[in-house]
Amino acid sequence: MPLDNNTLKVIIPGKLIDGVGSSAQEGLAVAIQGNSIKWVGSASEAASLDNGGATKETLEFPGATLLAGLFDIHTHTNMPGDGRTGEQVNLDDNDEVRLLRSAKNVTAAVASGVTTMCDCGSWNRTGFALKEGLAEGLVEGPRVLVSGPPLTVTGGHLYYMGGEADGVAEVRKMVRNLVKQGADFIKIAASGGSTSTSDPYRAAYSLTELTAIVDEAHNRGRSVLAHCRCTDAINAALDAGVDAILHCSFYDNNGLYRFDQKTADRLAASEVFLNPTMGLGRANRNRLLGLKSERGLTADEEERLERSTVSGNNSLAQFSALVKAGVKLVGGSDCGWSYYPFGDFQGEVMSLHEAGLSRIDAIHAGTRSPALALGIGSSIGTVEAGKEADLLVVNGDPTNDLEHLRDVAAVFKGGAIVATAKERLALG
């Protein structure tokens, strides 16, 4: 749908979180025209704003807060969020079904207030096809930045997506090929993960291979995000110069959790963004607790709940300590994986607050920080004149209660109004 450049939309909220200041501000208004923010200023000046001959439309949200659209740095659009593993989805579905699921998932995301997201691992060309469909208006969704298949060693985490590469020459070639296909950033499985043929407690790539990947990606203007489920992988990723670390779990090679102070100090001293993905664990625990109250748990479910509870407590303690040390956290839900469906990135933002970020800083971690981590902070992530008109209006003030982020009143993506999840539900 072509954007209406002949209409100047003036939005007057009760409060504005511009992503630049450290609080929600009253008495401000925002004007958007076409796909960009034209003006931000005093609401008292909005009525006399020069419309340049365009039709002026005023949208008032007196009890609401306007902020930049949410930015989820870590998703898997091919995945169903129904508990199936990557191996199961690999066996059950083909790329055509996975692509259709991606289209459904991104629509749910934008309706919930996410206006930009990263697909951090999809099968073969499905992520690139999704991006092409969004650009052509065939699919409704946020701005989607894609990595394509993550780089992984033979049999490594997510190998079934098609990104296996070993040795310096192969990893360089794989980065070049992904960029050729349209990768916006590069994802590395720097350790194993839930993939059964991988080891989450050991670094997967050598430092030489990691450095080659980062060098190749940075030389082509692409950020690098590294999946790290153990301390060795975290340190190797830091040595190689990655831009963000996903999960960032402190596990030793023997599979035991141990807070590593030396690594914590390195992370605090670095400029690397950390994505805790704590909301994913909470979603899994909440599901199991719900089942426990409904029907009781099987022995296997009880074991999973106990394991997840211990892991969640370790993660919360770790990131609380890291926040106090001054690390930079960034919001990424890992939705689509396990039992975390699309449509509630807000849960991950809330987990960042639980780990010690103030409410405003947690909001920044879900809006501004992902844009900075991906090198696109000059165009999105804050509410400033000249930036893309990707905006979210929520009822209430989320700097008082982050739960208000879930009460979506309006979504604007590139200046166009997008139907919210509540509006879609009302329409059936």
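The model is predicted: local features need pLDDT of at least 70, side-chain atom pairs count only at pLDDT 80 or more, and totals for chains, interfaces and linings use all residues. Residues are numbered from 1 along each chain as its sequence is written, and side-chain values use heavy atoms, with hydrogens and water left out. Helices (H or I, at least four residues) and strands (E, at least two) are DSSP runs, numbered from the N terminus.

**Helix α3**

- In helix α3 (residues 126-135), the buried residues are Thr126, Gly127, Phe128, Leu130, Gly133 and Leu134; buried means under 20% relative accessible area, with a 1.4 Å probe and protein chains only.
- The cover over these buried residues of α3 includes α2 (95-111), β8 (143-146) and α4 (167-181), where contact means heavy atoms within 4.5 Å.
- Gly137, with a positive phi near 80°, follows α3.

**Packing of α2 and α3**

- The axes of α2 and α3 are 10 Å apart, and the two helices pack at an angle of about 45°; axes are lines fitted to C-alpha atoms, for helices over the stretch in contact, and angles run from 0 to 180 degrees between N-to-C directions.
- That angle makes α2 oblique to α3, since angles under 35 degrees count as roughly parallel, over 145 as roughly antiparallel, 65 to 115 as roughly perpendicular and the rest as oblique.
- From α2, Asp95, Leu99, Ser102, Ala103 and Val106 meet Thr126, Ala129, Leu130 and Leu134 of α3.
- By class, this contact of α2 with α3 has six nonpolar, two polar and one charged residues; Ala, Val, Leu, Ile, Met, Phe, Trp, Tyr, Cys and Pro count as nonpolar, Asp, Glu, Lys and Arg as charged, and the others, Gly among them, as polar.

**Nonpolar cores**

- The largest nonpolar core has 77 residues, and Leu151, Ile186, Tyr205, Ile245, Leu267 and Leu274 have the most contacts inside it; such a core is a set of buried Ala, Val, Leu, Ile, Met, Phe, Trp, Tyr and Cys residues joined through side-chain atoms within 4.5 Å.
- Helix α6 (residues 231-240) gives the most to this core, with six residues.
- A second, separate core has 17 residues, including Phe61, Val383, Leu391 and Phe412.

**Helix α10**

- Seven of the nine residues of helix α10 (residues 346-354) are buried, so the helix is mostly covered.
- The buried residues of α10 are Gln346, Gly347, Glu348, Val349, Met350, Ser351 and Leu352.
- Among the elements covering them are α8 (278-294), α11 (359-365) and β15 (408-413).
- Gly356, with a positive phi near 130°, follows α10.

Methods:
Buried means under 20% relative accessible area, exposed over 50%, partly exposed in between (1.4 Å probe, protein chains only).
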